[in-house]
Amino acid sequence: MAKKNKKAELQPAHPLDDLIRTDRIPHIWCQGCGIGTVFSACLIGMKHSGLELNKFAMVSGIGCSGRAAGYVNVDSFHTTHGRAIPFATGLKLANTDLNVIVFSGDGDLFAIGGNHFIHAARRNMDLTVICVNNLTYGMTGGQVAATTPHMARSTTTPSGNPENPFNLPLLAFASGATYVARWTMLHARDLAESIQVALLKKGFSFIEVLSPCPINYGRRNKEKALDTLNMYQEKTIIKNGADPSELDIDFDKGVILGKFIDVDKPTHIENYDKIYRTRE
Amino acid sequence: MKPAVLTGEYFMTGDVACAEGAMAAGCLFFGGYPITPATEIAEHMSGRLPDVGGTYIQMEDEIAAIASVLGASWAGVKSMTATSGPGFSLMMENLGLGICTETPCVIVNVQRGGPSTGLPTMGAQSDMMQARWGSHGDYEIIVMSPSSCQEIFYQTITAFNLSEAYRIPVVIMTDEIIGHMSEKVIIPRAKEIQTVSRVKPKGKKENFKPFKPGPNGVAPMPAAGEGYNVHVTGLTHDEKGYPAMAVEAQEEMMKRLIGKVRNNLDDIIKTEGYLLEDAEIVIVSYGVSARTSFAAVGEARAMGIKAGLLRLITIWPFPEEQIKELAEKVKGFITVEINLGQIHREVQRCVGYRTPAYLVGHHGGTVITPDQVLSVLKEAF
């Protein structure tokens with residue numbers, strides 16, 4: 001213990017250390033993976049929101065991004081595959097003072113958990129959902145996902161993906177989300193600001209973050225880690241307020257980033273309180 | 001606000017009595033999804049819960065319903081859901097999460113005929129093994145079965161109490177017949193109802209271990225937002241709650257999860273004996289079938305047959321010792337249940353080959369009659 005303290009004196013703590021379970025570092029994420037950057041942006045957003053840190057809770061599902069809940073130093077819940085949103089819904093409803101963040105991956109939130117996503121958005125449940133979209137199932141070794149581009153190779157689409165991916169911001173918008181944005185992990189500052197805004201906004205907020213998986217996606221699609229980052233820099237356009245229907249991910253045409261939806265609607269909790277808690 | 005305990009005498013269905021029992025126990029969250037014959041529990045809760053300061057939500061499926069229940073429980077609130085066979089199947093994965101993360105909650109299964117969609121409006125008792133083993137992995141669970149509308153009221157309170165005391169999901173396995181039947185139910189005064197709430201941690205919040213067991217094998221449980229910064233995972237974890245992918249960690253966690261039930265069997269297991277003192281033939285039954293068996297015992301006695309009834313109130317953990325003791329002194333057993341021998345096989349397992357054990361079972365859809373029990377009783381003994 002004394003040894004550790006001495007080391008701490010020599011090496012000043014990282015400004016985000018108080019939000020990290022430093023006793024769980026090193027993390028499991030691979031070299032070249034973008035999840036750590038998204039995670040950092042989330043912590044910065046939390047800090048800059050000015051909200052009481054003890055009132056944050058993070059809920060994750062299963063997968064590489066799902067491990068975020070295991071590293072954040074607030075009450076954190078690593079639930080079952082796809083079920084982070086309904087778990088978070090119960091947590092929020094039973095203690096409306098909590099600020100509940102759902103941090104998970106595209107496979108977790110939009111394949112196995114897709115039904116929960118659309119219903120939480122429809123209800124305008126007061127949650128901030130951050131989806132790290134790496135276009136694949138990273139933890140299980142790179143299988144095709146609901147977000148994998150058409151014709152991309154994966155271990156389960158060895159000759160190319162015959163299916164088409166979701167446009168996640170369009171899905172969120174159509175389902176009723178009141179805040180919808182998309183960034184890449186390279187746009188770390190925009191992302192952190194967006195997360196801060198989303199945390200302070202009531203209702204269902206959704207942020208999609210494109211993030212490389214060089215080991216299990218890039219490797220099979222002739223895309224090195226730096227290639228992906230170059231695409232994030234050169235083939236993206238920031239267009240706030242863009243029509244959600246133009247947000248398909250196609251790096252040949254250019255991928256649109258920005259804040260697309262920012263509207264106010266009564267939340268589920270506001271409606272429930274108004275209808276059920278004031279009656280005679 | 002309206003009172004949570006509606007003291008008085010009523011004529012109510014088992015489903016409504018279950019809902020009233022839940023509120024009397026202090027339940028403040030219900031995550032529901034409609035399914036026959038359990039819908040009335042959700043309907044009743046949706047109207048009553050906001051009036052007692054609670055919250056009802058109808059989720060998009062039973063997977064979400066139980067997930068929301070676990071989330072609400074970690075917010076520090078007594079939580080429940082109710083369903084029937086198909087929904088119970090969907091809940092199995094998160095039931096495992098509840099077991100693994102030691103999350104108190106109550107799940108009611110108003111059983112109907114199966115498999116699959118089966119007989120939605122007709123009763124059965126054929127999910128008894130699913131209640132024990134339905135989620136993957138080894139685990140212990142507490143499962144109870146009520147035989148009347150009055151009993152389901154009290155049993156729901158007991159289910160919450162056990163779930164809070166042992167930090168474990170508790171399942172009430174009732175059936176369509178009890179759920180939809182109306183009977184007299186007396187709701188006592190609030191101060192006559194004993195309720196138990198989870199033990200909260202005391203002392204310093206830093207480096208708190210939410211899975212470090214106390215003297216009875218159960219760890220105190222903080223709620224989210226109280227400053228303990230807990231980490232909760234369905235991965236094998238250590239006492240801090242951190243993932244621990246090691247054989248030793250698995251063994252330690254499993255011993256804790258299983259031990260808290262196996263080391264407290266006397267506190268958990270409840271049965272009721274009727275004319276067992278001099279019984280030569282013991283009828284083992286539970287739920288609505290125990291009522292059939294009660295009548296059969298009376299008729300057998302009238303014919304001079306020394307029959308007795310062992311009514312299982314707790315199904316799991318199974319009252320193994322009690323059945324083994326009875327096996328030493330009786331001529332035989334008959335298990336009466338609306339399935340094809342799920343608890344019967346447990347009885348067989350306990351008595352071994354020393355004592356004959358028979359089944360009066362049914363494919364489901366109706367109650368078993370006392371005559372069906374009597375004919376087996378006369379034929380076998």
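Predicted model: local features only at pLDDT ≥ 70, side-chain atom pairs only at ≥ 80, totals over all residues.
Local features are reported at pLDDT of at least 70 and side-chain atom pairs at pLDDT 80 or more, while totals for chains, interfaces and linings use all residues; side-chain values rest on heavy atoms, with hydrogens and water left out. Residues are numbered from 1 along each chain as its sequence is written, and chains are lettered from A in the order in which they are written.

Chain B is assigned domain 1 (8–192) and domain 2 (272–380), the bounds coming from an automatic or database domain assignment. The C-alpha centres of these two domains of chain B lie 26 Å apart. Their contact (heavy atoms within 4.5 Å) involves 26 residues of domain 1 and 23 residues of domain 2. Between them about 1900 Å² is buried, 54% of it from carbon and sulfur atoms; buried area is the accessible area (1.4 Å probe) that two parts lose on being put together, summed over both.

Across this domain interface there are 2 salt bridges, defined by a side-chain nitrogen of Lys or Arg within 4 Å of a carboxyl oxygen of Asp or Glu. Arg311(B) and Glu151(B) form a salt bridge through their side chains, at 2.8 Å from N to O. On the side of domain 1 of chain B that touches domain 2, the elements giving two or more residues include α5 (128–133) and α6 (149–166) of chain B; helices (H or I, at least four residues) and strands (E, at least two) are DSSP runs, numbered from the N terminus.

Between the chains, 44 residues of chain B are in contact with 38 residues of chain A. The two chains bury about 3200 Å² between them, with 53% on carbon and sulfur atoms. Glu60(B), Asn229(B) and Tyr242(B) supply 19% of the area that chain B buries against chain A, more than any other three residues.

The interface of chain B and chain A has 2 salt bridges. Arg83(A) and Glu93(B) meet in a salt bridge between their side chains, at 3.8 Å from N to O. Elements giving two or more residues to the side of chain B that touches chain A include α2 (39–48), α4 (85–100) and β10 (231–233) of chain B, whereas α3(B) gives the most, with 8 residues.

Strand β2 (residues 75–78) of chain A runs parallel to β10(B), joined by 3 bridges; strands pair if DSSP finds at least two bridges between them. In this pairing, His78(A) stands opposite Thr233(B).
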